[in-house]
Amino acid sequence: MAAVMAAPQLAPRPIAAWTAPVPFVNMLETRDNRPALKQLQQSAPAARTRKERPCDGCRKRKSKCVLQDSRRCVLCEFHKQECTFVEKAQPRKRKLDDGTSTDGSGKKSPVIPQAIATSIPQQQLAVPPTNHTTNVAPVPVRKPFAVDESLSLQRHRHCKLLGHTTSLDASLISLGRFNDKNETQSRLGTLRQVNATEYFSTHDDADVPIPDDEARALAEIEQIVGQHGSALIDIYFRNVHPSYPIIQKNAFLDRHRHGDRQFNPPLLAAMYLLALSWWDTDPLSSAVKPDMARLEYIAISSLTIAMQRPKMSAVQAGLLLLQRAKSSTWTLTVQLVALAQDIGLHLDCTDWSIPPWERRLRKRLAWALYMQDKWSALMHGRPSHINAADWAVPAPTDLDFDESILPNTSTTTPDDPPTEALMAKGRTIFMQMITLTSIMADVCETFYSCTAKTEFQRSGRYATQLVLTRAKPVQVRLKNWFARLPAECKMDHHNSPQTPTNTLSQSSTGYLHLGYFATEISIHRRIVQSLDPTTSDPYMLYICRSAAKTRLISAMDFVNRLTPSHLDAFWFFPSATNFALIGTFGALLQATAPGKEEAEFYAMRLGEFKWSLRVSAKRAGWIAGALEMLEANGEMLAGLPEKAVISNGKGYVPPPPLPPLVMVVEKPKFVQQPFGQIDLRGDVLEEEEEDEEVDYGVGEVMEIDGWEGGEYA
């Protein structure tokens with residue numbers, strides 16, 4: 001028998017760690033001492049070889065020719081023209097003392113300054129500084145922007161993750177010849193290694209033809225916003241970024257404030273769109289407001305094109321567009337999930353050979369997409385496209401919100417104390433929302449997945465008991481989450497004595513607490529749906545409906561606690577739907593009420609709830625979307641048959657008699673208590689230890705072990 005020889009296993013290729021480039025000019029210099037793009041264009045470059053001479057287009061424009069790896073200069077690509085080196089150089093003109101110049105033929109002509117023919121904003125006449133020929137010292141060329149050192153945010157390149165089941169095996173790729181950037185060439189493009197097992201293929205943007213002109217889209221966007229572009233960017237980072245930090249602020253401003261305008265068109269338009277939500281509360285309100293409808297059309301149409309070149313900027317643009325109530329669509333959310341997987345956002349990038357700031361940004365952006373997917377699934381009643389088995393992103397920490405670009409450095413221009421406090425509060429709310437979203441995702445999977453619905457249907461008359469048994473673990477998690485909320489996440493934190501008086505007035509805690517109520521109501525909604533008056537135990541029916549009533553009242557009272565500081569702040573995209581879910585739950589309780597008195601009670605509370613929303617909508621117009629949904633529910637309730645009168649004349653419906661198997665021992669079981677104090681195991685709950693300022697009946701939980709032998713076990 002032939003001996004079987006074991007083939008040696010291919011060892012992982014050692015990967016070079018990412019190192020920060022040594023800049024000629026510091027990327028984080030201030031505006032005063034940093035050379036702007038217009039200064040670089042006017043300065044004489046260092047002596048070039050013939051191979052490095054400017055292209056024909058830049059020579060005619062008298063502009064600085066910056067060549068890229070593809071041997072096509074930046075300006076020719078910006079103007080969408082061919083970059084050639086075929087024309088001969090024109091004869092030099094030597095300036096004479098009489099203010100005229102002479103060419104090779106000896107003819108004199110006056111010196112006329114020419115404007116640099118380029119669409120880049122910094123334009124200035126190229127006037128010689130002296131009246132005699134001098135040797136101008138070369139100006140150091142600025143290193144690429146920070147994004148050009150990244151993996152998924154390069155301006156002229158994009159990347160795609162090479163999965164482990166593709167035709168390219170990681171062990172075979174590791175046999176290639178890699179340079180100091182961990183890149184190797186192949187027939188399928190440039191392959192880049194980021195850790196021992198993960199590879200990306202990188203491609204030039206020019207290799208992917210697109211049907212539209214990005215430069216034209218950018219020009220149209222800037223034409224719409226006019227001179228207010230910089231002010232709108234400031235509004236965005238002041239109002240949106242603290243609560244939704246999916247952009248690396250310094251990396252963005254590094255480009256925006258120093259001449260680069262080759263931004264992703266849908267990202268720039270989306271940032272302008274969100275900033276325009278605060279137009280009326282800003283000093284800009286005296287000017288003519290830009291056309292938001294036109295701006296949104298450009299953003300959506302250009303996003304479809306940008307997705308053909310997978311980058312993080314396209315994911316950022318899509319998420320920002322989805323924060324607008326009118327733009328929240330399930331289809332776009334699904335596309336963003338696919339795009340994010342294309343660039344590996346679902347993976348743990350902790351040990352990747354990429355800039356540290358990109359690792360931090362990837363983690364924040366990934367969790368923002370996770371929340372978008374989960375809450376969109378709740379809004380639309382669809383299955384989530386992100387599952388735990390294929391999600392390896394660790395939870396973010398405070399260190400992941402560092403805005404610095406270069407390693408071992410902090411933000412160049414630190415924010416003032418009020419802004420710093422707002423940023424700290426925003427990132428805390430962002431991380432708490434991630435935890436709440438994971439609980440909400442479990443609620444949807446436990447009660448609303450296809451498997452769960454099938455199991456409830458098969459359980460028949462025991463459906464309620466099955467629902468209650470599965471409700472207990474997730475309710476305990478929800479209760480513990482609320483009990484452990486940091487002080488800055490409390491509803492009235494901005495009014496507490498500990499809050500600095502100079503802190504900015506906006507507070508985004510509203511959308512966090514609203515998300516809590518939506519999650520809690522989703523649990524009770526399934527419990528109420530499982531109740532059947534013909535088969536359910538009368539007392540269990542009473543207890544479940546009483547607990548549901550308590551949750552509804554708490555949620556409606558929460559709306560009355562909203563202040564202008566809450567309404568003026570940033571609200572997460574599902575907020576309008578979450579408000580509507582409160583009203584939907586009230587309508588469900590009204591429709592299933594056993595008697596006329598209870599139905600009238602819910603009708604009255606629903607009317608008060610709608611009135612509160614109308615008042616709030618005057619300051620936060622997006623709430624009008626919730627009112628439209630509630631009006632639709634109201635039209636359906638018009639067909640509700642009249643309920644029977646079952647009260648005892650004292651204004652309330654008495655509870656049914658105690659189940660016969662309940663034994664009264666030291667503590668009487670099922671003693672009627674005020675709402676919020678009922679424990680379905682039979683004992684009276686202790687008072688919740690909550691902050692008195694935010695005690696509106698939340699954080700309590702129905703703990704149900706099940707129904708055994710006619711009594712609660």
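**View 1. Surroundings of Tyr 244 in the predicted model.** Tyr 244 touches Tyr 236, Leu 319, Leu 320, Gln 323, Ala 368, Gln 372, Phe 430, Phe 570 and Phe 572, when residues up to four places away in sequence are not counted, contact being defined as heavy atoms within 4.5 Å. The model is a predicted one, in which local features need pLDDT of at least 70 and side-chain atom pairs count only at pLDDT 80 or more, while totals for chains, interfaces and linings use all residues. Residues are numbered from 1 along each chain as its sequence is written, and side-chain values use heavy atoms, with hydrogens and water left out. Tyr 244 lies in the loop between helix 6 (229-239) and helix 7 (249-256); helices (H or I, at least four residues) and strands (E, at least two) are DSSP runs, numbered from the N terminus. With a relative accessible area of 1%, Tyr 244 is buried, where buried means under 20% relative accessible area, exposed over 50%, and partly exposed in between (1.4 Å probe, protein chains only). Arg 364 is 120 residues from Tyr 244 along the chain, and the C-alpha atoms of these two residues are separated by 9.1 Å.

**View 2. The nonpolar cores.** A nonpolar core is a set of buried Ala, Val, Leu, Ile, Met, Phe, Trp, Tyr and Cys residues joined through side-chain atoms within 4.5 Å. The largest such core has 149 residues, and those with the most contacts inside it are Tyr 244, Leu 320 and Phe 579. Helix 13 (residues 417-447) provides the largest share of this core, namely 12 residues. Apart from it lies another core, of 7 residues, among them Cys 55, Cys 58, Cys 65 and Leu 75.

**View 3. Strand 7 and its partners.** Because 5 of the 6 residues of strand 7 (residues 199-204) are buried, this strand is largely enclosed by the rest of the structure. Strand 4 (residues 157-162) runs antiparallel to strand 7 and is joined to it by 6 bridges; Leu 162 stands opposite Tyr 199, and Leu 161 has Phe 200 as its bridge partner. Strand 6 (residues 189-193) is also antiparallel to strand 7, with 4 bridges joining the two, and Gln 193 is paired with Tyr 199 by a bridge. Strand 6 and strand 7 form a hairpin with 5 residues between them.

**View 4. Helix 5 and the residue that follows.** At 1.5 Å a residue, the 12 residues of helix 5 (residues 214-225) should span 16 Å, and the end C-alpha atoms are 17 Å apart, which agrees; the expected span is 1.5 Å times one less than the number of residues. Buried residues in helix 5 are Ala 215, Ala 217, Leu 218, Ile 221, Ile 224 and Val 225. Just after helix 5, Gly 226 takes a positive phi of about 65 degrees.

Conventions
Two strands pair if DSSP finds at least two bridges between them.
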